[in-house]
Amino acid sequence: MVYMPQFDDTQTNVKLKKLHESEEERLMQILAPKYGIEYINLFATPINSEILKLIPETTARRTEIALFATNGETLLVAVRNPKNPEIMLVLNPLIETGKHIQMFLTTQSSMEHAWEQYDDMEISHAKKQGILDVDPERIKEFAHSIHSHLDVAEKIAQINIERNAHQTSLLIAVIFGGALALNASDIHIEPEAVVVRIRYRIDGILWDVCSFDKSVSTHIVSRLKLLAGVKLNVRREAQDGRFTFNIGTREIEIRTSVIPGAYGESLVMRLLDPSASSFNIEYLGMNARMHEIMLEELKRPNGTILTTGPTGSGKTTALYAFLVSIHTPAIKIITLEDPVEYKLPGIVQTQVNSEYTFERGLRTILRQDPDVILVGEIRDREVADTTISAALTGHLVFSTLHTNNAAGAIPRLIHFGIDPRTIGSACNIILGQRLVRKLCDVCKVERALTIEEQKLLHRIFEQPIAIHSVFESKGCDACDGSGYKGRTGVFEAIQIDAHVVEAIINDPRESTILAAAKHQNIPTMQQDGLMKVLGGITTLDEVSRVLDLYHLE
Ligand SMILES: [Zn+2]
């Protein structure tokens, strides 16, 4: 195996940017005398916003100039390219009023710094007009009138004509309205060289929605940073924040992450809508065998129920559904999460932070006399150890492990220092899961299976299959052209019974554990996924997107 060093992209980008900036600064200092003008560092110069706004932001950005101060009747102008003929076209109207012009050469980052003042002006204007917050009524209106991502782009194009603080508020309302209408889980705002791209994540997949001119998008980003409660003037560090708005009876929480990048700040917002998901074991998409087993498992008073899978495979949703199904006023359930994603009525939910870590939190929780505990994730030896002890001392514990499949959880626990013999008594069942998109019921059509596909099915089910057709879809208005609508889970599980315990103690490799669990007759994730393909719920493409169907042990 080749060892690949891990780079932190954010840090690398920041370093490269700084290096590039100091090189550019040296270059500009050398170039300025050749143009017969002086070099100026705008970071070290007060910028007069009254003078700056003599030139509209879009014009300033297009021609790469910034009017930053006056000296008597002389306007001081920073430029990037003194030879740009457009500069004089912009400045001539000012010269005609009797002003003189003195030009300075400056760097890109200096220029960006001056332009950021437009942002501050826009925000103080918005404050005065009282339109700083997102207007939930507006968002609601847009959410009702938007039916596809094309509608979002169209509405944005209409608003984009006016240029003022009100425009920024409206654009933000469209972005949120569109996200709610299309059931997006995340909104991504990603700066590129010339434009800023807006994308939605819908059913786990990112979709391009529209792009903005940089001058518009910096206002949008600043306004969202303000809403999220992060520092506006910090533009070169990663920051996290959150805010909420109420749409009717729904309280939508927006978790925001801002990171610096080569082309400006990029922003990701996760929309958490507690009313959007009703956590119910019946809605998870479990096959009959899995469902029957889980109902039995949830009746046990102690031990551990683990779920595995990569990020975004629906682990939290499944665990929440399990908690909701066992919740009664007679038992005390406490959770320890990072972060708390949805509020569950009647359940004590706590969130980890730098002080209240998984390990410390878990110890605190155990002193609160709980019956059931949910530990967001087993990440290290200490948490693994405390979780297992909790299960051994009469608690029912739910947790997740970041492994590819159920069998992979055993070697991981052993790697965390858990005694293989203890796993047998502390663990009840381990689940593996993925999420697949469901076919759109409006536009799905039946088609025959190819010979290759029949061979694949034969191999995965270990027997010939009597079904000879599956479904596919081309996309329609009902599914915004994607062919899919909504998602469902694909599951597998290993019960820790006497056979499996023997394997864990004698030879805890994934293949041995799988062989020992075979008699439990629980379909594998591959089999469960393909049953959902044959049942017309999803497609082969979709299952192979989340699972490897071609390389099995
Ligand atoms: Zn459709």
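A residue is called buried if 20 or more other C-beta atoms lie within 10 Å of its own, exposed if 12 or fewer do, and partly exposed in between, with C-beta atoms placed from the backbone. By that rule, Leu 396, Phe 398 and Thr 400 point one way from strand β15, Val 397, Ser 399 and Leu 401 point the other way, and all are buried. The model you are looking at is predicted: local features need pLDDT of at least 70, side-chain atom pairs count only at pLDDT 80 or more, and totals for chains, interfaces and linings use all residues. Residues are numbered from 1 along each chain as its sequence is written.

**Domains**
- The protein chain is assigned domain 1 (24-111), domain 2 (130-272) and domain 3 (281-438 + 485-523), with bounds that come from an automatic or database domain assignment.
- Between the C-alpha centres of domain 1 and domain 3 there are 62 Å.

- Helices (H or I, at least four residues) and strands (E, at least two) are DSSP runs, numbered from the N terminus.
- Two strands pair if DSSP finds at least two bridges between them.
- Strand β11 (residues 303-308) runs parallel to β15 and is joined to it by 6 bridges; here Thr 307 has Thr 400 as its bridge partner.
- Strand β14 (residues 372-375) also pairs with β15 in the parallel sense, over 4 bridges, and Val 375 is partnered by Ser 399.

- Strand β2 (residues 65-71) is largely enclosed by the rest of the structure, because 5 of its 7 residues are buried.
- Strand β3 (residues 74-79) runs antiparallel to β2, with 6 bridges joining them, and Leu 67 has Val 77 in β3 as its bridge partner.
- The two strands β2 and β3 form a hairpin with 2 residues between them, and Gly 72 in the turn has a positive phi of about 65°.

**Two helices to compare by exposure**
- Helix α4 (residues 86-96) lies largely in the open, because 1 of its 11 residues is buried.
- Just after α4 comes Gly 98, with a positive phi of about 100°.
- Helix α1 (residues 9-35) contains Leu 27, which counts as partly exposed because it has 13 C-beta neighbours inside 10 Å.
- Leu 27 and Thr 107 are 80 residues apart in sequence, yet 9.0 Å apart in space, C-alpha to C-alpha.

**The α7-α8 pair**
- Helix α7 (residues 149-159) and helix α8 (residues 165-181) pack at an angle of about 175°, their axes 10 Å apart.
- Axes are lines fitted to C-alpha atoms, for helices over the stretch in contact, and angles run from 0 to 180 degrees between N-to-C directions.
- Helices α7 and α8 are therefore roughly antiparallel, a label for angles over 145 degrees.
- Residues are in contact if their C-beta atoms, placed from the backbone, lie within 7 Å; Val 152 and Ile 156 are among those of α7 that meet residues of α8 including Leu 170 and Val 174.

**The six-stranded sheet**
- An open sheet of 6 strands has the order β7-β6-β5-β10-β9-β8, with antiparallel pairing.
- Strands β7 (205-213) and β8 (239-247) stand at the edges with a single partner strand each, so one side of each is left without a neighbour in the sheet.
- The twist averages 20° from one strand to the next.
- Strands β5 (residues 184-191) and β6 (residues 195-202) pair over 7 bridges, where His 188 stands opposite Arg 199.

Notes. Angles under 35 degrees count as roughly parallel, over 145 as roughly antiparallel, 65 to 115 as roughly perpendicular and the rest as oblique. Two residues are in contact if their C-beta atoms, placed from the backbone, lie within 7 Å.
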